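I am opening my notebook to record, step by step, what I looked up in this structure.

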Amino acid sequence: MPRVLHVSRQQAHIFSKTPQTSIRVIAGEGVEGDAHCGVTTQHLYLQRKDPTLPNLCQVHLLASEKLAALAVKGYLVHPGDLGENILTQNLDLLSLPTGTLLHIGADAVLEVTGLRTPCIQIDKFRAGLQQHMWLGHSSPGQHSQDAGIMSIVRTTGLIHPGDYIRVELPPKPHKPLQPV
């Protein structure tokens, strides 16, 4: 059964987030007290391009299995280190279609918006790590991201480590995840 292993947030715009005992997600905004919380984009790069863009990256989810795979390659990465808000277990995040609803804990509902693009900040965190955040070529000249997924908050609620995640797929035809 899919579940939450860890939750994290960070008030400042720095790469890693601090593990918490719980996080509160706010409908239409994101994780309360997190630098990326807001109706419009809070990512500094996107803000420079257009500060009025909607925030499709309110909550970042990453699979714990990715951390285990990185450890095998010699990269010790702890919960929150890669900037994720929610570290999951037993959920193939990359296979979820756009629009999937994730019901977490008693009340919280997140809607999957797309893939997180592995950026240069990953190599600044750990030299050489960024290359391991790609799955390889999905088509000629294209790489597939493996840095987790992004979502928006549909329903306000508290999320704790240990909470179960119920997946609600959108109506067909499903749209594959794209970078956001």
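Predicted model: local features only at pLDDT ≥ 70, side-chain atom pairs only at ≥ 80, totals over all residues.

My entries below go from a sheet to a core and then to a pocket.

Entry 1: I started with an open sheet of 3 strands, which run in the order 4-3-12 with antiparallel pairing. Because strand 4 and strand 12 stand at the edges with a single partner strand each, one side of each is left without a neighbour in the sheet. I reminded myself that strands of a sheet pair through backbone hydrogen bonds, in either a parallel or an antiparallel way.

**Entry 2: the two pairings of strand 3.** I looked up the pairing of strand 3 (residues 23–26) with strand 12 (residues 157–159), and found it antiparallel over 3 bridges. Within it, Ile 23 has Ile 159 as its bridge partner, while Val 25 stands opposite Gly 157. I then turned to strand 4 (residues 30–31), which pairs with strand 3 in the antiparallel sense over 2 bridges, and here I found Ile 26 opposite Gly 30. These two strands form a hairpin with 3 residues between them, and in the turn Gly 28 has a positive phi of about 80°.

**Entry 3: the nonpolar core.** Which residues have the most contacts inside the largest nonpolar core? I found that this core has 23 residues, and that those with the most contacts inside it are Val 25, Ile 86, Leu 102, Ile 104, Leu 110 and Ile 159. The elements that give two or more residues to this core include strand 1 (3–9), strand 3 and strand 7 (101–104), and the largest share, 4 residues, comes from strand 8. I also noted that another core, of 12 residues, lies apart from it, with Phe 15, Leu 62, Leu 67 and Leu 87 among them.

**Entry 4**

**Entry 5: the largest pocket.** I recorded a volume of about 770 Å³ for the largest pocket. Its lining is made of 25 residues, and His 36, His 43, Tyr 45, Cys 119 and Gln 121 lie nearest its centre. Which helix gives the largest share of the lining? I found that helix 1 (residues 44–49) does so, with 4 residues. Sorting the lining by kind, I wrote down 12 nonpolar, 9 polar and 4 charged residues.

How values were computed:
Residues numbered from 1 in each chain as written. Heavy atoms only, no water. Pairing = 2+ DSSP bridges. Core = buried A, V, L, I, M, F, W, Y, C linked by side-chain atoms within 4.5 Å. Buried < 20%, exposed > 50% of the residue type's maximum accessible area, 1.4 Å probe, protein only. 1 Å grid on protein atoms, 1.4 Å probe; cavity = no way out; pocket = protein on both sides within 12 Å on 5 of 7 lines; lining within 4 Å. Points joined across faces, edges and corners; volume = space filled by probe spheres on them. Nonpolar A, V, L, I, M, F, W, Y, C, P; charged D, E, K, R; others polar.
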